[in-house]
Amino acid sequence: MNKIKSVSISTLPCVASGKAGMKTNLLFFLFLAPSLLVAQGYKIETTVHNSADTIAYMGHHFATQRYLDDTARIVNGKAVFEGDKELVAGIYFYYTPSSYFEFLIGEQSFSMEATAPDFINSMQIKNSKTNEGFYKLQQFTAKMKARNKILIQEFDSTGNEEIKAELKALTLEVENYQTQLKLEYSGTFLEKIITLMQSPKVPEIPDSVENKKLFKYEYYKNNFWKDIDIADPGLLRTPLLDAKIKEYLDHVVIQQSDSVIKEVDILIAKSSVNKEAFRYLLITLVNKYESSKVIDFDKVFVHIIENYYLTGQADDWTNKETLDKLKKRVAMIKPNFLGNNAPQLVLWDTLGNEINLRDIEAKFTVLYFYDPDCGHCKKSTPILYEAYPELVAKGVEILGICTGTNEKKWKDFIINDDLGWINLADLESKTNVRYFYDIRTTPTVYILDKDKKIVLKKIDTLDVPDVIDMLLKQQEGSK
């Protein structure tokens, strides 16, 4: 019986109640952020029944983080948060060791009253139209999630295909309710929140359109950011914008480095009207693409560093030491882009003979960088070597390259696994091979074509035989 995944029901993340909903350690919140603008101030009165007299914390989301804005003492369940500067719009939270709930900042003076632990259903709001709508949305969403869960369980146990139609109808009901709520609370911060939660609805495709898939994709992509301002300080103070950006770059944009670079530049340009948004986006994108597992996305990382950081646009928050590190990182990565000629490599075999990479004749050459002390290398090396005879028969050569400098460990490693491929090392560190091939961890794999151009890199060692077969088939098909 095939299982189906839950239908897509947009919900607000992190909305929870009671201890179970607050898994983050309190220390995580204790960071102050410059989130206040000069204005008339704020006053938020809270009453939580069934709560202890303690200290209550109020803070806000900022992308994937949370920051503390204020504290108040609870007396008989009541606490008042006050300040002489207005709070920036966003999703905020109330926290004690036993209570957690979220609310929106739109209005600056209002009250909330609820009974723990069911904050969503017991919440009563005064003087905040924004939060009245916010809790309507949460209450509706909770009901829809419960119905969705029951339908999924029924399908898993019965396989009844009619349940799929019910799930689809449920999704439509959610979408319609959100749209209705947007109209009802037009002009409030809640409208912006719901817009951020929604996805573009592709209209009926005209019969005259030949490529309907392309039409659907282009409409979806072109309308993804409709009515959304990624430089809006309020949207930054939610976890939703960060998720939206990552969804767009990971699942909407074509996953090729040139396409991603183009879209990254567009997003950064949109954010540049707000310094806070610009900084957030640059830092987020640098972290995202420096650690990306997509092989060719190092080009995206280099592009961001060269075009934004090394041009002085990030100097407000980046010191010289960090910029120097980024410049060095780019210098290590850039020579190893896919399609580049592999960096010059001259190493020595176990007899001291000099071996030049350019002298190796093969359809494909695998550079297998390892360290004799590396636990992963000890496991993966013998498995890769098992495939070596078959690979050689297909015109492929493997160079086992030790990145360490201990001759005994190197040779013991070779003897232990009886490695008969070409074994090389630079025991005297003459070539700086780790730098030129950007070896940060081991094992690291490069695959070069017959002209010693980089075809693939940093793939899993155990995938090498299958990847080689794929490359050989592509090579045959191109003839």
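## Sheet architecture

Four strands in the order S4-S3-S7-S8 form an open sheet with antiparallel pairing; strands are DSSP runs (E, at least two residues) numbered from the N terminus, and two strands pair if DSSP finds at least two bridges between them. The edges are strand S4 (65-73) and strand S8 (99-105), each of which pairs on one side only. From one strand to the next, the twist averages 25 degrees, an angle between lines fitted to C-alpha atoms, on a scale from 0 to 180 degrees between N-to-C directions.

The model is predicted: local features need pLDDT of at least 70, side-chain atom pairs count only at pLDDT 80 or more, and totals for chains, interfaces and linings use all residues. Residues are numbered from 1 along each chain as its sequence is written, and side-chain values use heavy atoms, without hydrogens and water.

## Strand pairing

Strand S3 (residues 55-62) runs antiparallel to S4 and is joined to S4 by 8 bridges, with phenylalanine 62 opposite glutamine 65. S3 is also antiparallel to S7, through 4 bridges; here glycine 59 has phenylalanine 93 as its bridge partner.

S7 and S8 form a hairpin with 2 residues between them and pair over 7 bridges. Tyrosine 94 stands opposite phenylalanine 101 in S8. In strand S7 (residues 90-96), 7 of 7 residues are buried, that is, under 20% relative accessible area (1.4 Å probe, protein chains only).

## Nonpolar cores

The largest nonpolar core has 89 residues, of which Ile44, Phe103, Tyr289 and Ile304 touch the most other members. Such a core is a set of buried Ala, Val, Leu, Ile, Met, Phe, Trp, Tyr and Cys residues joined through side-chain atoms within 4.5 Å. A second, separate core of 28 residues includes Tyr388 and Ile459.

Terms used. Buried < 20%, exposed > 50% of the residue type's maximum accessible area, 1.4 Å probe, protein only.
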